[in-house]
Amino acid sequence: MQTLPRGVRERSGSYFIDITVKGKRYTETCASLRQAAERVEIVRSALKSGKAVEKSGGGEIWTLKQAFDFAFDRRWKQHKSERTAIFNCQDALKYFGEEFPMSELTTEAVDGYVMHLENKGNADGTINRKISRLNVMFKMAQDRKKTGDNTGFKYEHRRETQGRIRWMDRDEEDRLLANLERIGLQEHADVVRVAIDTGFRMGEIWRLKPFDVDMATGRLTVWENKTDKPRSIVMTSRVKTVLMAYEKSDNQPYFPRSKEWLIRGWNRAKHIMKLNGDAEFIPYCCRHTCCSRLVMGGVPLIKVQQWMGHRSIQTTLRYAHLAPDYADGMVNILER
């Protein structure tokens, strides 16, 4: 058990200063033990000399964990981005520590965190999103005067390149499914089948329930998604077979899993396939595969956009070069 300085006691994850000198009592809540130890000496010295004591930063300072808990409860809980928010905030809580005071979340501190994420191999887009979550936590704490004198940190948003569209051909898909099944990961294989044939985002797959499926018409409806616009698609016979094998009650998801669960199994098969060096061979390439196959099959881009649920046609246009006779057709027009 840690030894606390005289005049300091722990209370609900914070450190409470309670000092009386010459009949004058002073109290203050600090986010960390280090801050409390520094403040108690300053306060005691000021009281002994008869000087007025100013509150550190004007009152209580939240810890990073307190800021996360508040932001999660007010902003992300029971929201479609709940799991992503938790995932993106976990690194910050581990790097800084749960007891890290928001008053010390400065530009320099965030620079160190960004360097840590770079060293982990996080892409620019991933770093942007993790810092964005951190900024939300800080702003919510600041609005409630829980950051002391800290007015915030500066972060230069990184430019996100489009990168290569990584999709699977039929042979690679067969190899992936065979390896998943060979190591006993049948459910992982079935999720991959559904992902490729529907183009659904993983969050949409985890939320898919029998209530969203019309076996008679063969239609699937996504009610909650990134664009907040419900959409319906038609099932392939393969998807229909998979869902029928996972019989559930109307309100139970077919696959009550998570992104982390899928990645663990995927990476095992990826290792067997000797694709460890392919950083873009990740579960999201199932969505790329669906979109690429639709475009290569000659489906009009506006129809592909509707199927995939792209917010903007600009996203769908990334696949336009895969359309059959894409270049030849244009040359023929110009040659006439």
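This is a predicted model: local features need pLDDT of at least 70, side-chain atom pairs count only at pLDDT 80 or more; totals for chains, interfaces and linings use all residues.
The strands form an open sheet of three in the order β1-β2-β3, and their pairing is antiparallel. The edge positions are taken by β1 (8-11) and β3 (24-30), each of which has a single partner strand, so one side of each is left without a neighbour in the sheet. From one strand to the next, the twist averages 20 degrees.

Between strand β2 (residues 14-21) and β3, the antiparallel pairing runs over seven bridges. Within this part of the sheet, Tyr15 stands opposite Cys30 in β3.

## The helix on the sheet

Helix α1 (residues 33-48) packs on the sheet, where α1 touches β1, β2 and β3. The direction of α1 makes about 15 degrees with that of β2.

## The crossing of α6 and α10

Helix α6 (residues 170-182) and helix α10 (residues 259-272) have axes that come within 9 Å and cross at roughly 110 degrees. Because angles of 65 to 115 degrees count as roughly perpendicular, α6 and α10 are therefore roughly perpendicular to each other. The crossing of these two helices, α6 and α10, is right-handed.

On the α6 side, the contact is made by Leu176, Asn179, Leu180 and Arg182, while α10 contributes Gly265, Trp266, Ala269 and Ile272. Sorted by class, the residues in the contact of α6 with α10 comprise five nonpolar, two polar and one charged.

Methods. Residues are numbered from 1 along each chain as its sequence is written. Side-chain values use heavy atoms; hydrogens and water are left out. Axes are lines fitted to C-alpha atoms, for helices over the stretch in contact, and angles run from 0 to 180 degrees between N-to-C directions. Helices (H or I, at least four residues) and strands (E, at least two) are DSSP runs, numbered from the N terminus. Angles under 35 degrees count as roughly parallel, over 145 as roughly antiparallel, 65 to 115 as roughly perpendicular and the rest as oblique. A crossing is left-handed if the near helix is turned anticlockwise from the far one by less than a right angle, and right-handed if clockwise. Contact means heavy atoms within 4.5 Å. Ala, Val, Leu, Ile, Met, Phe, Trp, Tyr, Cys and Pro count as nonpolar, Asp, Glu, Lys and Arg as charged, and the others, Gly among them, as polar. Two strands pair if DSSP finds at least two bridges between them.
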